[in-house]
Amino acid sequence: MKNFIAVAVLALMTFAFSSATYAQRSPTRIKFARGATEKTVTGTLSSWKSKRTFVIRVRKGQTLTTENTGDNYITISVKPPKGSHYEQDMAADCHDRNDVEPTAAGDYVITVTECKKADPWKGKFKFLITVR
């Protein structure tokens, strides 16, 4: 009986770990078409706790902006590369618009979550990212 319980617990732990790992997607690289300076990024969120992560590489001295263009309220967090002096403005809104000027060279990590200051939802989101 003890062996059965031990095997059952081990199986449940393995399933839980693999499900959690599967739910965490690796970051999606944002790439622009040749000559483009902006791109609409879309994705889905499945719950209030879910998130989607994107990565974009920029050069030193550029301007990076993000702006929610979808119907659902989202928070767009921007984490700069090492050496950047950018700190996101955490005003009393959903933080769905960011302006990073000037940029440091490197990868910026952009995380999209549901806005915690609005009603919960799940489904599609859309935002515009611009680099000039």
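Is R97 buried, partly exposed or exposed? R97 has a relative accessible area of 47%, so this residue is partly exposed; buried means under 20%, exposed over 50%, and partly exposed in between (1.4 Å probe, protein chains only).

The model is predicted: local features need pLDDT of at least 70, side-chain atom pairs count only at pLDDT 80 or more, and totals for chains, interfaces and linings use all residues. Residues are numbered from 1 along each chain as its sequence is written, and side-chain values use heavy atoms, with hydrogens and water left out.

E67 belongs to strand 4 (residues 64-68) and R97 to strand 6 (residues 97-100), 30 residues apart. Strands are DSSP runs (E, at least two residues), numbered from the N terminus.

Now select E38 and R132. Their closest N and O atoms are 3.7 Å apart, in another salt bridge. E38 lies in strand 2 (residues 38-45) and R132 in the segment after strand 8 (123-131), so the pair ties together parts 94 residues apart in sequence.

Finish with strand 7 (residues 106-114). Seven of its nine residues are buried, so the strand is largely enclosed by the rest of the structure. Strand 3 (residues 51-58) runs antiparallel to strand 7, joined by eight bridges; strands pair if DSSP finds at least two bridges between them. Select F54 to find its bridge partner in strand 7, I110. Strand 5 (residues 74-79) is also antiparallel to strand 7, with six bridges, and S77 has T111 as its partner there.

Conventions. Helix = DSSP H or I, 4+ residues; strand = E, 2+ residues; numbered from the N terminus. Salt bridge = Lys/Arg side-chain N within 4 Å of Asp/Glu carboxyl O.
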